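Here is a note for a colleague who is opening this structure for the first time. The points below may be read in order, with the sequence and the model alongside.

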Amino acid sequence: MTADADLLQRTTELALEFLEGLPHRRVGPTVPLEELRAALGGPLPEQGEDPLATVERLARAADPGLVGMAGPRYFGFVIGGHLPAALAADWLTSTWDQNATLYVSAPSNSVAEEAASGWLLEILQLPRAASVGFTTGCMMANFTALAAARHAVLARRGWDVETRGLYGAPEIDVVIGDEAHVTIHAALQMLGLGRDRVKRVPTDGQGRMETAALREVLKDRHGPLIVCAQAGNVNTGAFDPLDEIATAVREHAGWLHVDGAFGLWANASPALAHLARGAEKADSWATDGHKWLNVPYDSGIVIVNDPAAHRAAMTIAAPYLVQTEGRERDPFDYVPEFSRRARGFTVWAALRSLGRAGIADLVGRCCALARRFVEILRQEPGVEILNDVVLNQVLVRFHPLGGGDADAFTRQVITRVQEDGTCWLGGTTWHGVAAMRISVSNWSTTAADVEESAGAILRAARA
Ligand SMILES: Cc1ncc(COP(=O)(O)O)c(C=O)c1O
């Protein structure tokens with residue numbers, strides 16, 4: 001066996017130890033920042049050491065600060081785990097170490113991206129001629145889609161934004177819902193469209209954009225227009241009325257972008273697809289592989305129903321690049337990066353290993369488990385469920401039984417649950433009040449995990 005083989009064998013053992021312990025380990029970190037700094041920091045040694053010693057040291061030093069995010073009882077933010085096939089494909093991706101810029105630099109990845117693109121369009125029920133890019137996450141997917149939108153709405157006015165920039169360009173009206181995800185704001189900021197000059201449309205009690213208010217905002221607008229809607233509110237899981245929004249945006253010849261980081265996956269489940277009705281009428285979509293598809297980080301997906309605009313916004317040319325003339329896919333034509341990880345393999349493996357039925361089952365199961373949380377928690381006096389649980393997100397508020405400050409009490413319950421370590425979940429402020437967020441997005445979560453976690457939450461509320 002070569003030295004490398006010993007190293008990788010031992011690394012496999014370390015990875016398996018972690019994976020075997022994942023369902024049982026404390027979900028949060030077990031040591032404070034200073035201990036992690038002491039274990040991982042210090043001066044760079046003058047002389048290197050045996051790679052095996054380095055890897056052993058890394059595994060030992062990092063372990064207490066690892067969060068059981070990939071495990072079955074992590075309900076914070078919107079975090080998926082890693083499907084076995086996707087994790088294994090990720091190991092191979094690192095081993096193969098392909099720079100997936102061009103077809104010529106990584107042909108297998110290009111074709112895996114091509115195949116995965118077709119499967120994604122089918123499963124998400126989006127136009128089959130749309131182009132797909134594999135980004136680091138949904139934020140960069142939003143960025144890429146909005147760059148394509150910026151290109152298209154200005155090109156229609158005879159303005160080439162890629163060469164001329166925004167100086168002197170016709171003004172673009174950008175319209176978003178009050179509940180747009182923060183990464184939409186970030187993307188607009190990076191694209192020179194401005195975070196604060198956007199027109200915001202009021203949302204209802206679940207965080208859905210009000211169509212009548214949108215129509216009012218659009219009423220006198222005749223210039224270049226981009227509207228950002230949402231499939232799956234990060235707090236409530238609610239969907240903007242996409243069908244109605246699409247009609248309104250079309251009447252103004254605008255570009256409709258849908259941020260569907262996790263919500264777009266409702267379309268993969270026949271029982272849930274009604275929530276995303278009309279999504280297919282948009283011009284661009286952003287979603288994630290690393291959330292509901294349970295691909296390891298990082299994995300985002302951008303889809304644009306105007307491949308020419310998509311490519312125009314992203315393509316770079318240089319004399320030394322052997323770019324194809326359209327027959328093969330050059331992955332960097334669809335994303336903001338140049339050198340990049342071969343992200344096609346993990347998405348390919350996740351989709352292939354689950355199949356259509358497996359994806360529908362994963363999405364449906366997470367939603368059923370979110371409802372199970374509700375069933376258990378709502379029996380407890382003082383517990384209030386703040387949202388209509390239409391998807392995989394639950395918002396919970398805790399009222400102290402003897403009366404008192406429910407905001408402070410809710411935050412206290414969240415801290416206690418985090419300290420207890422049975423599960424991990426975070427908090428938010430929802431329409432002015434403190435709330436606990438529960439997001440069920442992991443393929444390996446079972447009813448038993450939900451019951452154990454709900455038990456920990458109720459213990460924290462009774463303490
Ligand atoms: C609706 C929505 N959009 C965008 C994002 C950003 O996704 P990412 O963290 O993959 O960049 C999130 C993350 O939770 C989200 O929920």
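1. Basis of the note. This is a predicted model, in which local features need pLDDT of at least 70 and side-chain atom pairs count only at pLDDT 80 or more, while totals for chains, interfaces and linings use all residues. Residues are numbered from 1 along each chain as its sequence is written, and side-chain values use heavy atoms, with hydrogens and water left out.

2. Helices (H or I, at least four residues) and strands (E, at least two) are DSSP runs, numbered from the N terminus. A residue is called buried under 20% relative accessible area, exposed over 50%, and partly exposed in between, with a 1.4 Å probe and protein chains only.

3. The loop between β6 and β7. Asn294 has a positive phi of about 60° although it is not a glycine, and at 0% relative accessibility this residue counts as buried. Asp298 is placed in the loop between β6 (284-288) and β7 (300-304), and the peptide bond that leads from Tyr297 to Asp298 is cis, with omega near -5°. Both features deserve a second look, because most residues other than glycine have a negative phi, and most peptide bonds are trans.

4. Another positive phi. Gln125, which is not a glycine either, has a positive phi of about 55°. The place of Gln125 is in the loop between α5 and β1 (131-135), and at 41% relative accessibility Gln125 counts as partly exposed.

5. A polar side-chain atom of His290 lies 2.8 Å from an oxygen atom of the ligand, and a backbone N or O atom of Cys138 is found 2.9 Å from a ligand oxygen atom. For Lys291, a polar side-chain atom lies 3.0 Å from an oxygen atom of the ligand. Of the 390 Å² of accessible area that the ligand has on its own, the protein covers 83%.

6. The pocket. The space taken by the ligand is the second largest pocket.

7. Strand β7 and Cys138. Gly300 lies in strand β7 and is buried, with a relative accessible area of 1%. Although Gly300 and Cys138 are 162 residues apart along the chain, their C-alpha atoms are separated by 5.0 Å.

8. Two polar contacts of Thr101. This residue, Thr101, lies in the loop between α4 (84-96) and α5 (107-123), and at 6% relative accessibility Thr101 counts as buried. The side chain of Thr101 makes a polar contact with the side chain of Asn99 at 2.6 Å, and it also reaches the backbone oxygen of Phe338 at 3.1 Å. A polar contact is a pair of N or O atoms within 3.5 Å; within protein, one must be able to donate a hydrogen and the other to accept it, and residues adjacent in sequence count only if both atoms are side-chain atoms.

9. Strand β11. Ser439 lies in strand β11 (residues 433-439) and is buried, with a relative accessible area of 1%. A polar atom of the side chain of Ser439 lies 3.4 Å from the backbone oxygen of Phe77.

10. Two further loop residues. Met209 is found in the loop between β3 (199-201) and α9 (211-218), and at 2% relative accessibility Met209 counts as buried. His24, in the loop between α1 (3-21) and α2 (33-40), is exposed, with a relative accessible area of 67%. From C-alpha to C-alpha, Met209 and Asp259 are 13 Å apart in space and 50 residues apart in sequence, whereas the C-alpha atoms of His24 and Asn109, 85 residues apart along the chain, are separated by 35 Å.

Note on methods. Accessible areas come from the Shrake-Rupley method with a 1.4 Å probe; for residues, only the protein chains shown count as cover. On a 1 Å grid over the protein atoms alone, a cavity is a set of points where a 1.4 Å probe fits but cannot get out, and a pocket is an open set with protein on both sides within 12 Å along at least five of seven lines; lining residues have an atom within 4 Å of a point. A molecule sits in a cavity or pocket if more than half of its atoms lie within 2 Å of its grid points.
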